[in-house]
Amino acid sequence: MAGVELRVEALSLRGLSDIPPEYVRPEEERTDLGDALELALAASGDPLRIPVVDISAFDDAAAGEEGRRACVDAVRAAAEEWGVLHIAGHGIPADVMDGLRAAGEAFFALPIEAKEAYANDPAGGRMQGYGSRLAANASGQREWEDYLFHLVHPDHLTDEALWPAHPPDYVPVTRDFGARVRSLASKLLAILSLGLGQPEEMLERRLQGQEHGDDNDLLLQLKINYYPRCPQPDLAVGVEAHTDVSALSFILHNGVPGLQVHHAGRWVTARAEPGTIVVHVGDALEILSNGRYTSVLHRGLVNREAVRISWVVFCEPPPEAVLLQPLPELFTDGAGAAEQPLFAPRTFKQHLQCKLFKKKQDQKDKDVAAASMESAN
């Protein structure tokens, strides 16, 4: 079990004026970091904003074919140009989302010692549970967050013994939300399939491997990110810049800003859009679409005054049963005939392993370059 002293929450509660050096980001990364609350306020007048798309018209008979087509076009444009959007009209009731937030907040309000009963063991291969990002890269840099991570779908693969027993409604509200997100994922994949000029069932079938007669379901992984107050938010990050390996990621938060996405050469702070769910395009969908849909680079910032909590559901293909590769249909229809596949075939597990290896290799290259410069001086 991890020691209490390793939790970022414990560090925050000590009232430190300076963060430990292992949380300080490289100098080149700190040029545009800052307090998330201050940056969000400064960005309030910024005309560049993440698109907000109402998807209710997609299956609303009253909207007709014109409304359905407009919905597809709006989602397609956001996925191509941004790789992220706020979705309204998603059909998940506000009380369901509020219940999920309340349950997660109640868990993280427990004493650290109580949360340790659910501690994970990444070194031992058990990723599910309560944890902290102890070593984000080869140099030992850490991220200013604790988290709770576990599978929420499909039911037959989940292990509720790893889910918090407190609050008592954590299991039912989380299971209910997971089922609703699973339906929402199907709807968005249908919209995005049509955006590629393909039948609406295309993307989901390929992500599940159904073209080969397999009976696989998409996996939904829930990660609750807990970002404590940070005395030096200009030196730290909650989550470093990355793209998600998932097909789609669905995000709720507690109203405290911190999410930034990289667009048009700069970082754009996500605004509060009440009632919406943030959706990221991930690597798996970028691969299937041959790069037409963008896996968005994003990060999480921290602040001095408020705890930020976000709930992320990663929608993933089965790790080994599905071969991820650009849809062959994209190279046989009209304008797409001149395209070439941008991604070599790989399973989801292989993609994840390759990405982790590349990250470690990039850090190793940076360390070697830094050592060379130091010896030259």
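This is a predicted model: local features need pLDDT of at least 70, side-chain atom pairs count only at pLDDT 80 or more; totals for chains, interfaces and linings use all residues.
How many residues does helix α4 have, and how far does helix α4 reach from its first C-alpha to its last?

Residues are numbered from 1 along each chain as its sequence is written, and side-chain values use heavy atoms, with hydrogens and water left out.

**View 1. The whole chain.** The chain has nine helices and 14 strands (DSSP runs numbered from the N terminus: H or I of at least four residues for helices, E of at least two for strands). Of its 377 residues, 51% count as buried (under 20% relative accessible area, with exposed over 50% and partly exposed in between; 1.4 Å probe, protein chains only). Among contacts (heavy atoms within 4.5 Å) with a separation of 6 or more, 80% come from residues 24 or more positions apart.

**View 2. Helix α4.** This helix covers residues 94–108, has 15 residues and reaches 21 Å from its first C-alpha to its last, close to the 21 Å expected at 1.5 Å a residue (the expected span is 1.5 Å times one less than the number of residues). Its buried residues include V96, M97, L100, R101, F107 and F108.

**View 3. The largest nonpolar core.** A nonpolar core is a set of buried Ala, Val, Leu, Ile, Met, Phe, Trp, Tyr and Cys residues joined through side-chain atoms within 4.5 Å. Of the 68 residues in the largest one, I55, V75, F177, L188, L248, F250 and I277 touch the most other members. Helix α6 supplies the largest share of this core, eleven residues. Apart from it lies another core, of twelve residues, among them W82, V268, A270 and V312.

**View 4. Surroundings of R175.** R175 lies in helix α6, residues 170–195. Its side chain is joined to that of T158 by a polar contact of 3.3 Å (a pair of N or O atoms within 3.5 Å; within protein, one must be able to donate a hydrogen and the other to accept it, and residues adjacent in sequence count only if both atoms are side-chain atoms). Not counting residues up to four places away in sequence, R175 touches V152, D155, T158, E160 and W163.

**View 5. Surroundings of V307.** V307 is found in the loop between β11 (298–300) and β12 (308–316). V307 is buried, with a relative accessible area of 18%. V307 and R229 are 78 residues apart in sequence but 5.4 Å apart in space, C-alpha to C-alpha.
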